[in-house]
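Welcome! Have a look at the sequence and the 3D view, and then we can walk through some of the details together.

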Amino acid sequence: MALIRLGFGRQHLCLLRRRSFLLSKLIAVVFAVLLFCEFLIYYLVIFRCDWPEVKTPAHNSGQETLKAMFLADTHLLGEIRGHWLDKLRREWQMERAFQTALWLLQPEVVFILGDIFDEGKWSSPQAWADDVERFQKIFRHPHHVLLKVVAGNHDIGFHYQMSTYKIKRFEKVFNPERLFSWKGINFVMVNSVALEGDGCNLCSEAEAEIIEISHKLNCSREEHHSSRCTDEQLLPASAPVLLQHFPLYRRSDANCSGDDAAPLEERDIPFKERYDALSREASQKLLWWLRPRLVLSGHTHSACEVLHGAGTMEISVPSFSWRNRNNPSFIMGMLTPTEYALAKCYLPYENTVLATYCVAVGFLAVLMLAHFKLLASPLLFGWNLLRKLKTT
């Protein structure tokens with residue numbers, strides 16, 4: 001009797017050991033997959049991104065360079081359209097991507113080109129405060145890194161939804177500074193939503209601001225300053241970089257190309273003025289008043305390069321969020337007062353992460369079936385059936 005009990009105890013102990021070994025293997029696989037998909041993949045992908053090299057003329061070889069990141073259309077969901085799973089996946093993706101990029105690339109300034117929020121155009125004061133708190137957590141940054149933001153139509157509404165209250169609410173959180181200079185480089189940040197051109201109060205104020213900025217830029221370009229220019233107004237003598245949410249007018253995305261351009265079936269769809277892009281008139285005014293050397297915009301969620309007028313390049317920056325595209329990206333820029341170089345940095349593909357999880361689930365299922373000796377049964381059944389068919 002004692003020997004039977006001893007044998008039963010050994011079998012029970014062996015069974016416990018096998019189960020604990022299986023459990024440890026399952027935990028190890030789950031931990032490894034989570035670590036890879038939620039942390040390591042961002043480092044592996046963004047590590048491959050390099051700052052472009054600026055080719056400066058010999059007589060300007062002593063110019064300082066500025067490292068700038070440009071991203072757009074984060075679309076943080078609010079209380080109305082938000083879903084906990086969507087928030088969890090897409091906001092975590094943006095947080096890990098942004099924090100990893102800051103750590104690996106060490107930019108000096110980050111520009112976000114509008115549509116930071118998805119529901120700013122209609123959110124209540126409390127919902128707005130909650131969304132701002134989430135934004136500040138996701139896009140937290142060291143004090144030595146500047147974060148500059150322009151307003152998009154989802155932040156303050158389209159022209160017919162825009163109000164002084166929504167603009168002031170946005171500017172209370174994000175610096176309303178329209179003209180920003182650093183290391184001899186001028187940046188102009190425009191509220192493109194207000195460039196409707198219909199003479200409304202907010203539109204008139206926006207145009208007046210741009211005209212004032214144009215005057216300051218013109219003063220900085222003049223070798224012999226006119227009486228209208230004062231020393232206090234003088235800026236670096238550098239053509240500005242124009243930053244806005246709406247792209248300048250173009251007919252469509254037909255001439256756009258690349259992995260992150262609009263899908264082929266959408267490229268020939270005509271753009272609506274004042275909805276998909278600025279109007280012709282507003283675009284011409286901006287180019288004429290500011291004479292920028294480079295324009296960066298968002299809104300379309302897809303990439304595009306467009307040459308305007310006398311050779312002004314515009315870059316449409318794709319969305320930074322998986323919610324808007326499977327392959328988000330951002331732009332890395334090295335700028336001097338006279339030159340610039342841009343490079344694109346892709347983030348992990350959402351399909352890659354989902355496929356990794358699917359493979360892991362399949363592997364865990366096989367591991368469980370093998371442990372309980374269920375994996376061989378279908379194979380053995382098929383082999384026996386094949387033998388019977390051969391003998392008949």
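## Rings that pair up

With a relative accessibility of 8%, Phe174 counts as buried. Phe170 is buried as well, at 5% relative accessibility. The rings of Phe170 and Phe174 form a tilted aromatic pair, with 4.8 Å from centre to centre and 40° between the planes. Another pair to look for is Phe180 with Phe187, which is stacked: the centres are 5.6 Å apart and the planes 25° apart. Both Phe180 and Phe187 are buried. Keep in mind as you explore that this is a predicted model.

How many aromatic pairs does the count come to? The answer is 19. Some of these rings join up: ring pairs link Phe98, Phe117, Trp128, Phe135, Phe139, Phe170, Phe174, Phe320 and Phe330 into a cluster.

## The overall picture

Now let us step back to the whole protein. It holds 9 helices and 11 strands. Of its 392 residues, 48% are buried. If you take the contacts between residues at least 6 apart in sequence, 74% of them join residues at least 24 apart.

The UniProt record, an unreviewed entry, carries the annotation "transmembrane region" for residues 21-45 and 354-381. In the model, residues 21-45 are 100% helix and 0% strand.

## A buried arginine

Find Arg169 next, in helix α5, which runs over residues 164-173. Is Arg169 buried or exposed? Arg169 is buried, and yet has no salt bridge. The nearest side chain of opposite charge belongs to Asp131, 7.9 Å away. A salt bridge needs a side-chain nitrogen of Lys or Arg within 4 Å of a carboxyl oxygen of Asp or Glu.

What does Arg169 have around it, then? A polar atom of the Arg169 side chain lies 3.1 Å from the backbone oxygen of Ser123. Leaving aside residues up to four places away in sequence, Arg169 touches Gly120, Ser123, Ser124, Pro125 and Trp128.

Asn175 sits in the loop between α5 and β4, the latter covering residues 179-182. At 48% relative accessibility, Asn175 counts as partly exposed. Its side chain reaches the backbone nitrogen of Glu177 at 2.9 Å.

Asn175 also shows how the chain can bring separate stretches together. Asn175 and Val149 are 26 residues apart in sequence, while their C-alpha atoms are 7.5 Å apart in space.

## Salt bridges

The structure holds 20 salt bridges. In one of them, the side chains of Asp118 and Arg323 meet at 3.3 Å, N to O. Asp118 lies in the loop between β2 (109-112) and α3 (125-138), and Arg323 in the loop between β9 (312-316) and β10 (329-335), so this pair ties together parts that are 205 residues apart in sequence. Asp118 is buried, at 2% relative accessibility, whereas Arg323 is partly exposed, at 25%. Both residues also take part in a network of salt bridges that links Arg81, Asp86, Arg90, Asp118, Arg323 and Glu350.

Which parts does the salt bridge between Glu207 and Lys285 connect? The two side chains meet at 3.4 Å, N to O. Glu207 is in helix α6 (residues 201-221) and Lys285 is in helix α7 (residues 280-290), so the pair ties together parts that are 78 residues apart in sequence. Lys285 counts as partly exposed, at 25% relative accessibility. Lys285 also meets the side chain of Glu281 in a salt bridge, at 3.5 Å, N to O. Glu281 and Lys285 are 4 residues apart in helix α7, so about one helical turn separates them. Glu281 is partly exposed too, with a relative accessible area of 44%.

Methods
Residues are numbered from 1 along each chain as its sequence is written. This is a predicted model: local features need pLDDT of at least 70, side-chain atom pairs count only at pLDDT 80 or more; totals for chains, interfaces and linings use all residues. Side-chain values use heavy atoms; hydrogens and water are left out. UniProt positions are given in the numbering used here, feature names are shortened, and annotations may be inferred rather than shown by experiment. Helices (H or I, at least four residues) and strands (E, at least two) are DSSP runs, numbered from the N terminus. Buried means under 20% relative accessible area, exposed over 50%, partly exposed in between (1.4 Å probe, protein chains only). Lys and Arg count as positive and Asp and Glu as negative; His and the chain ends are not counted. A polar contact is a pair of N or O atoms within 3.5 Å; within protein, one must be able to donate a hydrogen and the other to accept it, and residues adjacent in sequence count only if both atoms are side-chain atoms. Contact means heavy atoms within 4.5 Å. Rings of Phe, Tyr and Trp (its six-membered ring) pair if their centres lie within 6.5 Å; planes under 30 degrees apart count as stacked, over 60 as edge-to-face and the rest as tilted.
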